[in-house]
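Reader: Please take me through this structure in questions and answers, and begin with the term for solvent accessibility that I will need first.

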Amino acid sequence: MAIAVRNLSKRFGNFQAIKDVSFEVPAGELVALLGPSGSGKSTILRIIAGLEGADSGEVELTGEDATYLSTQQRGVGFVFQHYALFRHMTIRQNIAFGLQVQKPRPSPKEIRARVDELLDLVQLMGHAERYPSQLSGGQRQRVALARALATRPKVLLLDEPFGALDAQVREELRTWLRRLHDEVHVTSLFVTHDQQEAFEVADQVVVLNKGKVEQMGPPQTLYERPSTPFVTQFLGSVNILRAETVLGMELGDEMPLPLDLNGPNEKSAVYVRPHDFDLSRTSNGRPAWSARIRKLIPLGPHVRLDLTLLDGTILNVQLPRERCLELELNPGDNIYVSPKDWKVFHETKGFVENYVI
């Protein structure tokens with residue numbers, strides 16, 4: 001493993017930033033640390049880089065115990081959210097800086113060759129003699145990445161690298177970063193609070209909540225098989241229904257959902273994503289709930305519908321635009337709604353089962 005974090009804990013005063021965090025990053029992979037603000041993402045990254053000390057636990061980098069090594073000895077490249085470029089230096093000088101202070105220091109010829117290689121890699125060769133203030137935010141972040149890669153680090157650490165950029169530039173840089181990673185294959189750990197960003201860029205995702213690891217795995221696995229209610233809710237919109245409500249709904253041809261929850265008194269909840277519903281004008285002899293359309297909101301290729309079930313429960317449903325046109329749906333219409341895929345979580349037992357019709 002290129003990065004191994006074992007039982008890390010860190011407290012700032014009375015605040016427990018991270019508690020007993022463990023995970024591994026395989027060599028050559030790009031892994032995202034994903035979670036809301038205050039979940040411990042940046043603290044973990046800074047401890048791995050040696051910029052913060054842990055209260056307990058270990059950090060291993062490429063098979064070597066790095067827990068007590070200095071930042072310089074760890075051989076990591078670090079990319080900050082706000083670039084941290086030297087404003088008085090040209091782009092070429094910024095990228096060369098790490099090489100010029102390296103021990104042993106490469107020759108001027110070797111430094112120039114490496115900087116030229118990186119300028120070409122980040123597509124900024126024509127901007128080499130400009131200063132950071134003369135570049136766009138996206139270009140400056142590419143310079144920051146080139147500078148972090150200059151010394152050929154063992155691992156690359158990125159702390160919300162696109163957080164200060166606007167949405168369109170972020171999207172472009174996400175694609176660029178993934179392409180760059182596939183070219184250089186440096187093991188990378190990437191901090192973000194943006195689920196879409198993590199899913200587009202990462203090979204694996206570590207989901208953090210309140211300083212603890214909730215789940216780790218490939219993006220699609222986390223989305224389809226979340227192990228906790230938090231992961232389910234954090235990775236996209238979801239409707240949450242009390243099990244008692246679901247079991248009590250014998251609607252549409254009196255065919256309730258085929259749930260096995262050991263009786264309606266179980267403290268369970270049913271989670272259904274908006275796109276995991278289907279709508280029809282008749283129940284078609286399958287499990288379905290009667291509902292009324294409150295609102296339709298066109299969202300390009302999709303339409304969001306707000307529905308109300310007979311007991312007053314509100315559902316958020318997303319359908320392809322073509323399906324809505326086919327059904328000729330309008331606000332105020334009565335309709336049948338059927339969940340196609342749902343997940344059940346128990347209050348104390350955690351994940352119970354995944355159901356698919």
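Author: A residue is called buried if its relative accessible area is under 20%, exposed if it is over 50%, and partly exposed in between, with a 1.4 Å probe and protein chains only. The model is a predicted one, in which local features need a pLDDT of at least 70 and side-chain atom pairs count only at pLDDT 80 or more, whereas totals for chains, interfaces and linings use all residues. Residues are numbered from 1 along each chain as its sequence is written, and side-chain values use heavy atoms, with hydrogens and water left out.

Reader: What percentage of the residues of the chain count as buried?

Author: The chain contains eleven helices and 19 strands, where helices (H or I, at least four residues) and strands (E, at least two) are DSSP runs numbered from the N terminus. Contact here means heavy atoms within 4.5 Å, and of the contacts in the chain with a separation of 6 or more, those between residues 24 or more positions apart account for 66%. Of the 357 residues of the chain, the share that counts as buried is 49%.

Reader: Phenylalanine 199 and tyrosine 223 form a pair of rings; is it stacked or edge-to-face?

Author: A search of the whole structure finds six aromatic pairs, a pair being rings of Phe, Tyr or Trp (its six-membered ring) with centres within 6.5 Å, called stacked if the planes are under 30 degrees apart, edge-to-face if over 60, and tilted otherwise. Phenylalanine 199 belongs to helix α7 (residues 195-201) and tyrosine 223 to helix α8 (residues 219-224), so this pair ties together parts that are 24 residues apart in sequence. Their ring centres are 6.4 Å apart and their planes stand at 85 degrees, so the pair is edge-to-face.

Reader: How many residues apart in sequence are the parts that tyrosine 271 and phenylalanine 345 tie together?

Author: Tyrosine 271 and phenylalanine 345 also form an edge-to-face pair, with 5.1 Å from centre to centre and 80 degrees between the planes. Tyrosine 271 is buried at a relative accessible area of 8%, and phenylalanine 345 is buried at 2%. Because tyrosine 271 lies in strand β12 (residues 268-272) and phenylalanine 345 in strand β18 (residues 341-346), the separation in sequence of the parts tied together is 74 residues.

Reader: The charged end of arginine 273 sits over the ring of which residue?

Author: A charge is said to sit over a ring if NZ of Lys or CZ of Arg is within 6 Å of the ring centre and within 35 degrees of the ring normal. By that criterion the charged end of arginine 142 sits over the ring of tryptophan 176, at 6.0 Å from its centre. For arginine 273, with its charged end 4.3 Å from the ring centre, the residue is tyrosine 223.

Reader: Is α3 roughly parallel or oblique to α5?

Author: Axes are lines fitted to C-alpha atoms, for helices over the stretch in contact, with angles running from 0 to 180 degrees between N-to-C directions; angles under 35 degrees count as roughly parallel, over 145 as roughly antiparallel, 65 to 115 as roughly perpendicular, and the rest as oblique. The axes of helix α3 (residues 91-100) and helix α5 (residues 137-149) come within 7 Å and cross at roughly 30 degrees. Ile91, Asn94 and Ile95 of α3 make the contact with Val143, Ala146 and Arg147 of α5. The crossing angle therefore makes α3, relative to α5, roughly parallel.

Reader: Is the crossing of α3 and α4 left-handed or right-handed?

Author: The buried residues of α3, among them Ile91, Ile95 and Leu99, pack against α4 (108-121) and α5. The axes of α3 and α4 come within 10 Å and cross at roughly 125 degrees, which means that α3 is oblique to α4. A crossing is left-handed if the near helix is turned anticlockwise from the far one by less than a right angle, and right-handed if clockwise. For α3 and α4 the crossing is right-handed.

Reader: Is the peptide bond from lysine 103 to proline 104 cis or trans?

Author: Most residues other than glycine have a negative phi, and most peptide bonds are trans. Threonine 62, in the loop between β4 (56-61) and β5 (64-65), has a positive phi of about 45 degrees although it is not a glycine. Proline 104 is placed in the loop between α3 and α4. With omega near -5 degrees, the bond from lysine 103 to proline 104 is cis.
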